[in-house]
Amino acid sequence: MFKPRLILPVLRSIQRSTNSLCCPDVRPVLKRNKCFLQSSYIHTSPLRLMFIQTQETPNPNSLKFLPGVKVLEPGQTIDFPTASTAYTSPLAKLIFRIEGVKSVFFGSDFITVTKADEDVEWKVVKPEIFAVIMDFFASGLPLLQTDAVPSTDTQINEDDDETVMMIKELLDTRIRPTVQEDGGDIIFMGFEDGVVKLKMQGSCTSCPSSVVTLKNGVQNMLQFYVPEVVSVEQVENELEIVTKAEFEKLEKKLKEKETSNET
């Protein structure tokens, strides 16, 4: 398991959707109040004081980390669904070294981390994620390499017809900001025969309520403003489909091995 230089004490959330970690150097001071435990650190680095918060998302396996500093430019996002896709981000690669991390997603002011499954406990991985994020921003290293291309506002092309332009405008002004608040994003992939094709990212990718979000939220809004929209569908690229299939195969083999060992 990856062992960062600084391991923070476990923070236990007590019926609260937002936890806080004040990360200013070495000696933790635990303060208890009615709602949560807060840890303070004196951190000797170019970044003298860093206040990291966590926020729950609709996906129980995803947690949103807010470092209190700019992550990307306003409106930008970038998704790292697997460790192999994180080669353009030193921070994402470090987070993937933590055992139990499945995917990483960057927004303008937040980092969403998704754990592999329910067996991975947040109380174990969260302190390590805190430490990695704090140490990385203190290092002053660039978040992304020059060849990284974050997603920005949906580009309206010259050959887009009026329907497509309206769909893109609604996505950028009404839908994507709300989804990003939940630690994810929705990317426009196409419009054909009345079907809007969208790609889910971040906490939305494996969220149990993503289908409901698409049908009851996104689809209803688009149909209200754009009568030409018949339905909304989620799409995945070939790499994600193959990766998902391989992950499921590996998970099946591990479970079979555990079952044989028990017998």
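K197 is partly exposed, at 28% relative accessibility, where partly exposed lies between buried (under 20% relative accessible area) and exposed (over 50%), taken with a 1.4 Å probe and protein chains only. The side chain of K197 meets that of E192 in a salt bridge, with 3.7 Å from N to O; a salt bridge is a side-chain nitrogen of Lys or Arg within 4 Å of a carboxyl oxygen of Asp or Glu. E192 is likewise partly exposed, at 47%. Salt bridges that share partners also join D172, R176 and D185 into one network.

The model is predicted, so that local features need pLDDT of at least 70 and side-chain atom pairs count only at pLDDT 80 or more, whereas totals for chains, interfaces and linings use all residues. Residues are numbered from 1 along each chain as its sequence is written, and side-chain values use heavy atoms, with hydrogens and water left out.

The structure holds six salt bridges. One of them links the side chains of K70 and E73, at 2.8 Å from N to O. K70 is exposed, with 52% relative accessibility, while E73 is partly exposed, with 38%. Another joins the side chains of K123 and E121 at 3.4 Å, N to O. Here K123 is partly exposed at 43%, and E121 is partly exposed at 41%.

Helices (H or I, at least four residues) and strands (E, at least two) are DSSP runs, numbered from the N terminus. An open sheet of three strands has the order β9-β10-β11 and mixed pairing; two strands pair if DSSP finds at least two bridges between them. Because β9 (184–192) and β11 (231–234) stand at the edges with a single partner strand each, one side of each has no neighbour in the sheet. From one strand to the next, the twist averages 30°. Strand β10 (residues 195–202) pairs with β9 in the antiparallel sense over eight bridges, and F188 stands opposite L198 in β10.

Helix α3 (residues 162–181) lies across β9 and β10 and runs at about 165° to β9. Axes are lines fitted to C-alpha atoms, for helices over the stretch in contact, and angles run from 0 to 180 degrees between N-to-C directions. Q180 is found in α3 and is buried, at 15% relative accessibility. Leaving aside neighbours within four places in sequence, Q180 is in contact (heavy atoms within 4.5 Å) with K64, G75, T77, F110 and D185.

A nonpolar core is a set of buried Ala, Val, Leu, Ile, Met, Phe, Trp, Tyr and Cys residues joined through side-chain atoms within 4.5 Å. The largest such core has 32 residues, and F106 and I111 have the most contacts inside it. Two or more residues each come from β4, β5, β6 (78–80), α1 (90–96), β7 (101–106), β8 (111–115) and α2 (122–139). The largest share, nine residues, is given by α2. Beyond four places in sequence, the contacts of I111 include L63, F65, V71, L91, I95, I133 and F137. Apart from this core lies another, of 18 residues, among them L170, L171, V179 and V232.

N61 is found in the loop between β4 (50–56) and β5 (62–66). N61 is buried, with a relative accessible area of 10%. With neighbours within four places in sequence left aside, N61 is in contact with V113, T114, K115, D117, E118 and W122.
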